Amino acid sequence: MKKVFRIITKATALVMTLFCAIVFTLIIAADKKLSKDYFIVEGNQLNIDCQIPITTEYSGARESQSSLVDSGEKSDYSVNFRLFGVFPVSKANVTVIDNMSVKLLGQPFGIKIYTDGVLVVGMSDVDGEQGNVNPSANAGIKIGDTIKSINGKPMRSNEDVVEIVESSDGSPMTFVVVRDNVIKTITVVPIFSKSAGAYRIGLWVRDSTAGIGTLTFYSPATDIVCGLGHAVCDDDTGQIMSISSGELVSAEIISQKKGAIGAPGELKGRLGNKVLGELLLNCECGVYAKNSIGFDNSELMSIALKQDIKEGEAYIYTTIDGERPEYYTCKVRFNSDNEGEKTQNMVVTVTDKRLIEKTGGIVQGMSGSPIVQDGKLIGAVTHVFVNNPQKGYAIFAENMLLTAQDIKTEELNKAS
């Protein structure tokens, strides 16, 4: 009898150990999948598309048992996620917002950016009387710095820098630069270049850039048009370009360079003369401009919040020829390695044979192309996988719209 009891005891302990291990594993998996912040449209409930059995609770009640969200009496609150309705997993903040509707675009655009200051993109030695030296590097200036002023004079172009250096007569010059959002004051002493016959400081700088991308949507509520889904960065430094001014202009796609493994393709186009918007912001979530041409409010499409997106079939709405966008099939899945970040939220795989035949999949110039699922905008293409052009990253449309709303709020605050 004792032997049977010991066997039952050991079996029970084994089962409990196995059960605890399963619960612990599910809790870790659920915590990784669940976000710490959610938005819901007023009048709706927070529904989590999760294969793991998760119960959403707040204020001591299950959400399905409460009228708090439906009442519209509260704009934000906290929720608790529990496994099987028992085991605590994590907490999240929930914000109730108005219905989010935008005009789907998907058309190509050109961008012109003029930097706020001049960006240091390279260095080279100056052939002075004492040999080859680099005055700027020796003084502490680095590639990626933005020169805001020299001797108190704002620097707005490459020509501004050349002019003030050549007229320096070799006197020490005070540079105000921005590095990693920190302002620094650096003294540089120009050297007379024997080959150039003028004073030089050994810097290459850039004051503007231009390129082509795809518009994602126009938001009537903010009167802002946005595109790219990622920042415009300098080709040499990789830094996000700070802007003093800029504009989005019309563009037309005239040809495609097909992508291949290790060699990303691109859409080739030409810029038009029609100004679409005055550039307001260049940030990690894309480029945002004040509507200049009167995008209309017809045929609006709702934006799907991240918890409403399903892994699986979707459509990329993009233009690979001329100016008219078309729908192309794809599949999306969540990027679990980037949970909680503003960008690269999904991995998108092109499945449309027409698009693969023409471009190889995702190519440069398609950044910003809207992704649609179940009649709602869920995101925008941002990057291509270098080693697999049929795959790339995408940003949640929710993150792009919230950025546009933040810009509008800031504008209203300034006006008041």
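Two strands count as paired here if DSSP finds at least two bridges between them. I am working from a predicted model.

**Confidence**

I checked confidence before anything else. The protein chain has an average pLDDT of 82, and 79% of the residues score at least 70. Strand β3 (residues 61-62) is lowest, with a mean of 38. Strand β25 (residues 370-373) is highest, at 97. I noted that pLDDT is below 50 over residues 60-74. That stretch still has 26 contacts in the model beyond near neighbours in sequence.

**Strands β22 to β24**

I followed the pairing from β22. Strand β22 (residues 312-318) runs antiparallel to strand β23 (residues 326-334), and seven bridges join them. In this pair I found Glu-313 opposite Lys-331 of β23. Next I took the pairing of β23 with strand β24 (residues 346-350). It is also antiparallel, over five bridges. Here Arg-333 stands opposite Val-347 of β24.

**Nonpolar cores**

Which residues touch the most other members of the largest nonpolar core? I listed Ile-316, Cys-330, Val-332, Met-346, Val-348, Ile-371 and Ile-378, out of 23 residues in that core. Two or more residues come from each of β22, β23, β24, β26 (376-385) and β27 (388-396). A second, separate core has 22 residues, including Leu-104, Cys-283, Ile-395 and Leu-401.

**Helix α4**

I asked which residues of α4 (residues 158-166) are buried. They include Asp-160, Val-161, Ile-164 and Val-165. Seen down the axis, the buried residues of α4 fall within an arc of 120°, so they line one face of the helix. I looked up what they pack against: β7 (108-123), β10 (146-150), β11 (153-154), β12 (173-179), β15 (198-200) and β16 (203-219).

**Ser-219**

I went on to Ser-219, which lies in strand β16. Is Ser-219 buried or exposed? With a relative accessible area of 2%, Ser-219 is buried, because the cut-off for buried is under 20%. Leaving aside neighbours within four places in sequence, I found Ser-219 in contact with Val-102, Ile-224 and Leu-401. I also looked up its distance to Leu-300, which is 81 residues away along the chain. The C-alpha atoms of Ser-219 and Leu-300 are separated by 9.2 Å.

Technical notes: Residues numbered from 1 in each chain as written. Predicted model: local features only at pLDDT ≥ 70, side-chain atom pairs only at ≥ 80, totals over all residues. Heavy atoms only, no water. Helix = DSSP H or I, 4+ residues; strand = E, 2+ residues; numbered from the N terminus. Core = buried A, V, L, I, M, F, W, Y, C linked by side-chain atoms within 4.5 Å. Buried < 20%, exposed > 50% of the residue type's maximum accessible area, 1.4 Å probe, protein only. Arc of directions from axis to C-beta. Contact = heavy atoms within 4.5 Å. pLDDT = per-residue confidence, 0-100.
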